[in-house]
Amino acid sequence: LTRKQREMPSISLSNERREKREGPLYSKQCTEALRSRRVLQPSTRGFTLIETFVAISILTISIVAPMTLAAKSLSISYYVRDEVTAAYLAQEAIETIRNVRDSNILKDLLTGSNIDQMTGIPSSSGAPFTVDAHVSASNAMQLCSSTCQPIENNGVFYGYNDGSGGTWVPTRFTRTVRATYVDAQKNDLRLVVEVSWKTGGYQT
């Protein structure tokens, strides 16, 4: 045998050993890759769940915020509506008392009866009384026993049930009028009209 032929078996044996050595190395790499893939799967699922929560939170805020603003705006509009009504009720009481005073002045001028201008006003010492503009001037003002009753409404007028018929329903408004003289000569009368009501959570 030549020297070349003698070295051939050692070459094939060397290749066999190399293949056997590379076999377990390839399997180990596959196993590590699979393990790394299994480790990454739970992390990917958790990230998707967080994204879902964030999306739901943003959607909830975008819906709830406008609805809250709309409800607040509606509540304020109801309050403003009642505030305008209360202002008219207060002005109505003042105009009714002024009409009684002017009627007394006119009667004094026409008849010369020397009638007091404040005749018909139930109290000038600050005691509370009510004013009803839809009845005659002689019955328009009545003293309150302790606290004045809420104003009623018959669908057309604000006032109090005088027994003339119709259905009178109490409203949310309570009007209290007080009159006091400004000076000792009793020439000027100060009127204080207080209208209280409650609209939703607002008490005025």
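**Stop 1: helix H1**

Select residues 3–111. This is helix H1, and Val 64 lies in it. Keep in mind that the model is predicted.

Now show the side chain of Val 64. Is Val 64 buried, partly exposed or exposed? Val 64 has a relative accessible area of 42%. Buried would need under 20%, and exposed over 50%. Val 64 is therefore partly exposed.

Together with Val 64 they form a nonpolar patch on the surface. How much accessible area does the patch have? The four residues together have about 390 Å².

**Stop 2: the disulfide**

Next, select Cys 144 and Cys 148. These two residues form a disulfide. Their sulfur atoms sit 1.9 Å apart. The cut-off for a disulfide is 2.5 Å, so this pair counts. How many disulfides are there? The count comes to one.

Look along the S-S bond. The angle about it is 95°, and the link of Cys 144 and Cys 148 is right-handed. Are these cysteines buried or exposed? Cys 144 is buried, and Cys 148 is buried too.

**Stop 3**

Switch to a cartoon view and find strands S3, S4 and S5. They make an open sheet of three strands. In what order do the strands come? The order is S4-S3-S5, and the pairing is antiparallel. S4 (158–159) and S5 are the edge strands, each pairing on one side only.

Zoom in on strand S3, residues 152–153. Two bridges join S3 to S5, and these strands run antiparallel. Select Glu 152, then look across to S5. Pro 170 in S5 stands opposite Glu 152.

**Stop 4: the aromatic rings**

Now show the aromatic side chains. How many aromatic pairs does the structure hold? It holds three. One of them is Phe 173 with Trp 197. Their ring centres are 6.0 Å apart, with 45° between the planes, and the pair is tilted.

Trace the chain on either side of these two residues. Phe 173 lies in the loop between strand S5 (169–170) and strand S6 (174–181). Trp 197 lies in the loop between strand S7 (189–196) and strand S8 (198–199). The pair therefore ties together parts that are 24 residues apart in sequence. Both Phe 173 and Trp 197 are buried.

Notes:
Residues numbered from 1 in each chain as written. Predicted model: local features only at pLDDT ≥ 70, side-chain atom pairs only at ≥ 80, totals over all residues. Heavy atoms only, no water. Buried < 20%, exposed > 50% of the residue type's maximum accessible area, 1.4 Å probe, protein only. Patch = residues over 30% accessible without salt bridge, like charges linked within 9 Å, V, L, I, M, F, W, Y side chains within 5 Å. Areas by Shrake-Rupley, 256 points an atom, 1.4 Å probe, with all protein chains shown as cover. Salt bridge = Lys/Arg side-chain N within 4 Å of Asp/Glu carboxyl O. Helix = DSSP H or I, 4+ residues; strand = E, 2+ residues; numbered from the N terminus. Phe/Tyr/Trp six-rings, centres within 6.5 Å; stacked < 30°, edge-to-face > 60°. Pairing = 2+ DSSP bridges.
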